[in-house]
Amino acid sequence: MINFDYARATDVADAVRRIAADPKAKFIAGGTNLIDLMKGDVERPSRLIDITRLPLKTVEETTEGRIQIGALVPNSDLAYHPLIEQRYPMLASAILAGASAQLRNMASTGGNLLQRTRCCYFYDTATPCNKREPGSGCSAIAGINRMHAILGASEACIATHPSDMNVALAALEAKVLVTGPGGERAIAFSDFHRLPGDTPDRDTNLEPDEIVTAVELPPRGFATNYTYLKIRDRLSYAFALVSIAVGLELEAGTISEARLALGSVAHKPWRDRAVESALRGQVADQDTFALAADLMLRDARAHAHNAFKIELARRGIVRALTQAARGTPQSQSDKRVA
C-alpha cells in the first residue's frame, strides 16, 4: 500500500475545507471499499480524512414526515432501526441482502452510496480500464463480461454498480444531502449516480470538494406490498447477478402506484418511469407483470457472456412484482426465492 497522510475532521465544515484543499485526498469512514482499493493500488489518495467523529449518525423524522439518515449510520443499525423496519421495509431488506454481518457493521450509509464497481478489470491494474485510467480502453467488452451491464452501457464502459441498498433507495425516490464550499444542496437519487457515457471514471454527480451528510426518504415507504429480490450465484455473501426492488400500492387488485428498480444491470441503479406509468391502473396479475418486464428490458443489450442476464432479469421482475402484489416479500434469512 502507498504512503499517505492522515487527518481527522472535527466537523462538516472542517471536512469540506480539508477535501477542498487537497484534490487527491479521500474521506474515510468504515473503509470497507476504499481500503481494498488502496491495497490493490487502484486508489492512491495522498491523504485520508477521517470523518468517523462527525455528528452524522442519527436517523430522525422531520416535521414533514420524511426520514433523514445520517451519512455515518452503519448499515446494520439502519436495517434494524424501528422507523426503517416499519415504514421502509424494502430498504431494510435490501441492506440485509448485501455483504456479510461483519461488513454491515462497518459500512456507512454514505459510503454505500459511493462504493465502486466490482468489475474484475477495474481491480486488475495490469489491464486497461477507462474507469481507472480514462482513455486506456475497456477490457471487459472483449473479455470476461458475465457480470456486466445489459442496460445503459457505453463503448467506454460496461461495468455495473454493485450496491443493494442503492437499488431500494432508487425505488423509494430518496434524496442525497451534500455539503460543499458553496453550502448545502439536495440531489435527487435518480441524478446522483451517472451512466458511463464517455466519462466512466465519474461514478456520481458529487463534486470532488463535497461531502455526503445524509439521505432523505419521502413519507411514502410502501410498507405493505414490497419486496427486494436478489439473484446471485450462491445464497451466501455474493454480489447480485440481478436484483429487483418493488413497491406497490393496490386498490381492489388494481395498481394505483408502482416503483420498480433493478440492480447489477447497469452503471447505476436502473429505474424507468415509463414502466411505472404503464403499471398504474392495471390489474396486478401475471400478464401485467410480464408486459412490464418486457418494457423494462426493451433496450437491453447482451455481450459475449451475459445474455442470460436478460432472461434472468425478465423472470426476476415478474417474480418480484408477484411477491410484492401478494404481500409476501422475499426473506433475507431464507434466501431461496419464494
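In which sense do β6 and strand β8 pair, and over how many bridges? The model is predicted, and in it these two strands pair in the antiparallel sense over five bridges. Strand β8 covers residues 211–217. Within this pairing, Leu177 stands opposite Ala214 in β8.

Strand β6 also pairs with strand β7, which covers residues 183–188. The sense is again antiparallel, over six bridges. Here Lys175 stands opposite Ala188 in β7. Two residues lie between β6 and β7, and the two strands form a hairpin.

How enclosed is β6, which spans residues 175–180? Five of its six residues are buried, so β6 is largely enclosed by the rest of the structure.

Now turn to the aromatic rings. A pair of such rings is described by the distance of the centres and the angle of the planes. The structure holds two aromatic pairs. One joins Phe122 and Tyr123, with 5.7 Å from centre to centre. Their planes stand 85° apart, and the pair is edge-to-face. Phe122 has 0% relative accessibility; because buried means under 20%, Phe122 counts as buried.

Tyr237 has a relative accessible area of 38%, so Tyr237 is partly exposed. Phe239 is partly exposed as well, at 30%.

Definitions and conventions
Residues numbered from 1 in each chain as written. Predicted model: local features only at pLDDT ≥ 70, side-chain atom pairs only at ≥ 80, totals over all residues. Heavy atoms only, no water. Phe/Tyr/Trp six-rings, centres within 6.5 Å; stacked < 30°, edge-to-face > 60°. Buried < 20%, exposed > 50% of the residue type's maximum accessible area, 1.4 Å probe, protein only. Helix = DSSP H or I, 4+ residues; strand = E, 2+ residues; numbered from the N terminus. Pairing = 2+ DSSP bridges.
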